[in-house]
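Trainee: I've got the model open and a few things I'd like to talk through. Shall we go piece by piece?

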Amino acid sequence: MHTTQVPGRARDVLSQAEAAARAVRVRDVTYDLWLRLSAGADDYDGRVTVGFELLSGDDPVWLDHAGGRPTTTLDGVERELVVEGARIMLPADLAPGRHELRLGYRNRYDDTGDGFHHFVDPEDATEYVYSNFQPFEAHRLFPCFDQPDIKATYAVTVEAPAHWRVVSAMRARVDELPDGHLRHVFTTTPRFSTYLLAVVAGEWHAVHEERDGLSLGLYARRSMAAMVEREADELFEVTRQGFAFYSDLFDQAYPFEKYDQLFVPEFNAGAMENVGAVTFHDSFLFRDPPTEPERLTRAEVVLHELAHMWFGDLVTMRWWDDLWLNESFATFMSFLALDEATRFSAAWQQFNGTLKPLAYRDDQLITTHPIAGEVADTDEAELGFDGITYEKGASVLKQLVATIGRDAFRDGIRSYFRRHAWGNATLHDFLAALGDAAGRDLDEWARVWIRTASLNTIEARWTTEDDRITAFELHQGAPADHPTLRPHTMRVGVLHTSQGGDALTVQEATIEGPVADVPALVGLPTPDFVFPNHEDHDYAKVILDPVSLAFARARLDEVEDPFLRQLVWSSLWDMTRDARLRSTEYLAMVRRHAPAESDVALLDAVLDQAIVALRRYVPEERIAAEGAALVRVARETLASTDRPDDDRRLWLRLAIAAASDPADLTDVLALLDGAGDTGLPVDQEMRWEASVRALAFGLSDAEERIDRERDRDPSDRGQRAVIRAQVAPPDAAAKATAWERIHGTGYGSDYLTRAALAGFQWHHQRELLMPWREPFFEQVRAVYRERDLGFARAYLRALHPIGWGEPDVLERSRALLADLDADEVQLRRHLLDQCDDMERLIRVRAFAATTD
């Protein structure tokens, strides 16, 4: 019998209170899921049998379901169940006890990257489908109790075309069917949360190997088979190293029966820790030759997801307010494993250069939040995947290890797994395990570090006499709206060069209040440079003192340790964003010191920040000149033929990104066109980026360039680049056509429409784009109401006119904020962030325009 749809819930959202109430009424859940997939179809058939024990029938109980209207059989009897929005309500008279609910349905595939996403490869027309459920999307594929603390077992059966491979959490028996399909019957899983189940199917190319009896698999589209074969050795090596490191550190064997890694198209995230079937963005297979930092980044993501098999899958947070128990730990553990178990020994340096700035940025926004804070519902949960949950959380864990010691931390996490394996846990559970191992109460530490928002500043001050330090102090500060001072454990680096060569003294120190003495440094020679967070064990912004800032300006390349050089660059970047150092001065330092930089990870981070400084923080009237100066130094550096290819790739990318007028871009295009003679390592991504920019600037040969690149690259990457190019020209008709299509039929999948968004707005097209400013403010609310969050966020970032730093745009944004309804949580958060970023942009540009 069919369900009956009644008016009710307009939003598909689950509150924490609702989840907590349902969790105490439902337990011992099993899902027997059957799916029928066919080639060339827009939809699929599903059937699920849900077994559960109902402990109480006093309050409403429901299954979440966002698919087609199901037929329902309850305890063997056809019953008509009421559907309210995305909820299938169980009968109010359902008695406590064991029940079985069978539901049949037909769903359309998703095209948003979430739910059950369908993709057709433009290179060879092969089909692929994959699931992506975090945090609240499993009920797009099948009706379920979609929350992390109602763990269940899953018996999955998939009928699919014979030429398709099908992958899920467990191994499968495969049977032939009379109609040419194959039936894949997967072993019943152990208990885990709904968001961790994966179903992946299509014409995948697979590579396998065994590790101590455990099957390891790599999967990629057929058109990327050569890439996964090429990268398999390194991917398997990093995976094996991760298994060995984690199993030893956690004293807990890998808890599942096999481990597949699948590189999927149009993915919304970097990767997803599905049990036994981790999905990755397929850009990690590297269509173009990667730099060493890019290889490190991929290795970190591989190890991050592998760590989740313990932190997240074996032990799962009870609700999304403890998401950090998954993500902070996976990030910290992955960098620890990189540093100690792989060839990527500079991992923590790269973390500081490319990831920690995300934490500092998010933690200074008006919307900053504690690492573990309140999460009212699943809409708010989606907002928790940010620099605070990932990078700040990992940084604070590094600080915790520095505070309690590595052995206590190791013993604590081992105890945590022993106590909570296959269950759910909270911050309290974690602190109890670590506190017991450390022999101390960690509640107060957690209160100021994990349950309190924002960050501190640390600054060194000293006095000298007769060329010797007579007093040395650390000073701690906090923003006025988040005045918490925290206990910090750090290492202070003191560099002096006056005795014929560099001498670096490193001293451990602590500070809890506003000032702390470091008596061990008294008597040392007068320093040339001081850095209070040597090796980056602390989470705090370091303000360079005047002596150290002067040294950095003139002599930074004399610092021998690349990690310390990176830390200095990070402080210079923070000072730039805080209007303590002019953006033009920062760029001058980049031009002075970066050409001599020999560490590729450091160079990568610094050149990336230089582009952000150019686009965000340089006064409007100086952008063209500063861009030209960056292009000039890039060309001069590239003229040297003895630099490694990785360095040259980074400088080429800088030149393309920094070209801010037609003349500079023309010079850069000539550089790329001559690469065959000069040996420059130009790749397809560079050619696409330069060609699209040429079209945006209206260069005469731009369309021919796009045609050439389309012939070179018929992949889905090329497909997206062509869409971006169609939107980019300085032509009102092209913009109008794109605007209508973005808000209408789109370009196919959400991913393709995002490519159009990325090509719409260019800084030099300000006057041309003016007619679309007000329509953006009129449309953005509907986009957030009607589209998935990933698309809505991309829409806001691509089309909000933040880049020109105009006060009237800020005021219009604030007016929209004032008009939002209480339930527009996601738009409010993102628009607040946008306003905060814009206020900083205006402030930093104004400071850069001043003179001493």
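This is a predicted model: local features need pLDDT of at least 70, side-chain atom pairs count only at pLDDT 80 or more; totals for chains, interfaces and linings use all residues.

Trainee: Then take helix α21, residues 716–727: how far apart are its end C-alpha atoms?

Mentor: Work out the expectation, then compare. With twelve residues at 1.5 Å a residue, α21 should span 16 Å. The model agrees with that, since the end C-alpha atoms of α21 are apart by 17 Å.

Trainee: Is α21 mostly covered or mostly open, and how many of its residues are buried?

Mentor: Buried here means under 20% relative accessible area. Among the residues of α21 that pass are Asp716, Arg717, Arg720 and Arg724, along with Ala721, Val722 and Ile723. They pack against β10, α19, α20, α22 and α23. So α21 is mostly covered, and by the under-20% cut-off the count of buried residues is ten of twelve.

Trainee: At the start of α21, which side chain reaches the backbone nitrogen of Arg717?

Mentor: Look for a side-chain oxygen at that end of the helix. There is one within 3.2 Å of the Arg717 nitrogen, and it belongs to Ser715.

Trainee: Over to Gln476. Which side chain does its own side chain make a polar contact with?

Mentor: Gln476 sits in strand β25, residues 468–477. Its relative accessibility is 8%, so Gln476 counts as buried. Its neighbours include Asn456, Leu485, Arg486 and Glu512. The side-chain polar contact, at 3.0 Å, is with His488.

Trainee: Which element gives the most residues to the lining of the second largest pocket?

Mentor: That pocket holds about 960 Å³ of space. Of its 36 lining residues, the closest to the centre are Asp12, Arg785, Glu786, Arg787 and Asp788. The lining divides into nine nonpolar, seven polar and 20 charged residues. β9, α6, α25 and α28 each give two or more, and the top contributor, with four, is α25.

Trainee: Last one: which peptide bond into Pro135 is it, cis or trans?

Mentor: Pro135 is in the loop between β11 and β12. The bond from Gln134 to Pro135 has omega near 0°, and that makes it cis.

Terms used: Residues are numbered from 1 along each chain as its sequence is written. Side-chain values use heavy atoms; hydrogens and water are left out. The expected span of a helix is 1.5 Å times one less than its number of residues. Buried means under 20% relative accessible area, exposed over 50%, partly exposed in between (1.4 Å probe, protein chains only). Contact means heavy atoms within 4.5 Å. A polar contact is a pair of N or O atoms within 3.5 Å; within protein, one must be able to donate a hydrogen and the other to accept it, and residues adjacent in sequence count only if both atoms are side-chain atoms. On a 1 Å grid over the protein atoms alone, a cavity is a set of points where a 1.4 Å probe fits but cannot get out, and a pocket is an open set with protein on both sides within 12 Å along at least five of seven lines; lining residues have an atom within 4 Å of a point. Grid points are joined across faces, edges and corners, and a volume is the space filled by probe spheres set on the points. Ala, Val, Leu, Ile, Met, Phe, Trp, Tyr, Cys and Pro count as nonpolar, Asp, Glu, Lys and Arg as charged, and the others, Gly among them, as polar. Lists of a residue's contacts leave out its neighbours within four places in sequence.
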